[in-house]
Amino acid sequence: MKTAIIGAGVAGLAAAWDLANAGHDVVVFEAADRVGGLASGFKDESWAWSLEKFYHHWFQTDADLLRFARELGLDGKIMFPRPKTSYWLDGKIYRSEMNLSTLQLPLSWLGLIRLGLAGVFLKLTPWWQPLENTTADSWLRRWMGDEVYSKLWRPLLIGKFADRYRDVNMAWMWARIKARSVKLGTYQGGFQSFMDDVADAVRRAGVDIRLSSPVTSLTREAAGWKLVAADIEITVDHVLSTSSPTGLLKQAPALADTSYGRAVASLDSIGAICVVYALKHSVLTDGTYWLNLPAQSADKAQNPFPFLAMVEHTNWLPSANYGGDVLVYCGDYADPNHEYFTLSDEAMIDRFSQAFKTVNPDFEPGWIRKAWVWRAPYAQPVPRVGHSARIPDLATPLPGLWWASMSQVYPWDRGTNYAVEIGRRAAARMIAEAQP
Ligand SMILES: Cc1cc2nc3c(=O)[nH]c(=O)nc-3n(C[C@H](O)[C@H](O)[C@H](O)COP(=O)(O)OP(=O)(O)OC[C@H]3O[C@@H](n4cnc5c(N)ncnc54)[C@H](O)[C@@H]3O)c2cc1C
């Protein structure tokens, strides 16, 4: 069987590995000049490691990813240092782990008890299905109370979903609390090195990975699927697309007239922005890696911080990996129509850097050696109430055309672990269908 995969992100490469090992003749087309998709990285001249464009780490619960790395012989380069994660509350930094340090949060005793009881319930219950019938906004407000909700959870929901924060279902929040560890994982050399090593293993299994090759057309013909990408035109038996819902509908316009296509078109998502600063000095001098920032309004202009999280990467991994730079992400999620997607890089760098002075009064603009702005219009699916019934299957109604994307990952929050899982699940079904 000849199979084409659209996208050399984690899902596409995981699927390619299984399909090639099952004897398929596989070609992967990637629009970008490198593999990795949303998990890809970049490197400044003086750095030994690459840095993820958008902050990335693994959890010890990421079983599919860890199994895949083991299978490819790459697990020896995975490490799990334990960073400090915190909240910025009432002008101070507090630890944010669910343990005894929670008692120091500036909450009433009643609030702390409700946070503890509801938190333990969410950590222990395996039944997420009833939780998807209510919004996270109403469940958390009801069971944890207004005080805990407005100080801890609403900022997180607003940061992640902006004006859609009241629509997200509670199963999504359950999944975030359930499947997380305090130790966070990375790969020697950074995520881009991991993706490059995965791509090398996939190539050794016989896969042809074509970079800078955006697929521009996909048509069904008698002999199979005709695919046009950059300088080549091929015909294959199967196609697996790993792009966004809009991407899939553009690649296969014939889907638009089907109920499947309408379901794909109705999936909601939000974009992400990260401004990365290479600084001369530390901003989070207490050693915090991840600082959750407060937000009371979905309108970013009304909040004390114009973004969701300040992440001092070099409080997690040594700055020696990056030529001594202190690396800080200022990250946020926003609708692709938000001004964060049209403002110039200089304006974004200037706007987000204003927050450094609030958390560290010693900060001076002269501390900034260099900065980069990364934007992804499709970064986070928005799962609404009753989402499980609306997820399109991996098999589209067009014979031989498959789709595996972040929008079908559920109830878990999208991530590289689930990209491995969905890519391999799609491959298993394609292999089964191809068998006589
Ligand atoms: C801000 C942010 C933070 C994140 N943090 C984490 C984290 O800490 N840990 C974690 O595990 N995950 C994290 N993730 C999620 C993780 O990056 C994704 O879940 C994962 O990378 C998705 O992989 P994928 O292969 O499904 O999709 P993608 O990575 O989006 O890959 C799809 C690929 O398809 C290509 N493509 C699209 N259309 C075409 C076309 N027409 N022709 C050719 N190629 C095409 C794209 O260029 C892309 O490379 C984060 C994501 C974001 C945005």
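## The ligand shell

Let us start with the ligand: the residues of the shell around it divide into 19 nonpolar, 15 polar and 2 charged. Here Ala, Val, Leu, Ile, Met, Phe, Trp, Tyr, Cys and Pro count as nonpolar, Asp, Glu, Lys and Arg as charged, and the others, Gly among them, as polar. In total 36 residues surround the ligand, and the closest are Gly7, Gly9, Gly37, Gly415 and Thr416; a residue is near a molecule if its C-beta atom, placed from the backbone, lies within 6 Å of it.

Keep in mind that this is a predicted model, in which local features need pLDDT of at least 70 and side-chain atom pairs count only at pLDDT 80 or more, while totals for chains, interfaces and linings use all residues. Residues are numbered from 1 along each chain as its sequence is written.

## Elements and domains around the ligand

Four elements each supply at least two residues of the shell: α1 (10-21), α7 (245-251), β19 (368-381) and α10 (416-434). Helices (H or I, at least four residues) and strands (E, at least two) are DSSP runs, numbered from the N terminus.

The chain is divided into domain 1 (2-51 + 61-68 + 190-267 + 384-434), domain 2 (98-178) and domain 3 (269-381), with bounds from an automatic or database domain assignment. Taken over C-alpha atoms, the centres of domain 1 and domain 3 are 30 Å apart. Their contact takes 13 residues from domain 1 and 15 residues from domain 3, where contact means C-beta atoms, placed from the backbone, within 7 Å. The side of domain 1 that touches domain 3 has 8 nonpolar, 3 polar and 2 charged residues. Both domain 1 and domain 3 give residues to the shell around the ligand, so the ligand lies between them.

## Where α2 meets α10

Helix α10 also packs with another helix: the axes of α2 (residues 63-71) and α10 come within 7 Å and cross at roughly 70 degrees. That makes α2 roughly perpendicular to α10 (65 to 115 degrees). Axes are lines fitted to C-alpha atoms, for helices over the stretch in contact, with angles from 0 to 180 degrees between N-to-C directions.

Which residues of α2 and α10 meet? Asp64, Leu65 and Phe68 in α2 meet Thr416, Asn417, Val420 and Glu421 in α10. By class, this contact has 3 nonpolar, 2 polar and 2 charged residues.

## A three-stranded sheet

An open sheet of 3 strands runs in the order β11-β12-β13, with antiparallel pairing (at least two DSSP bridges between two strands). Strands β11 (215-221) and β13 (232-236) stand at the edges with a single partner strand each, so one side of each is left without a neighbour in the sheet. From one strand to the next, the twist averages 20 degrees.

Strand β12 (residues 224-229) pairs with β13 over 5 bridges, and valine 228 stands opposite glutamate 233 in β13.

Definitions and conventions:
Parallel < 35°, antiparallel > 145°, perpendicular 65-115°, else oblique. Contact = placed C-beta atoms within 7 Å.
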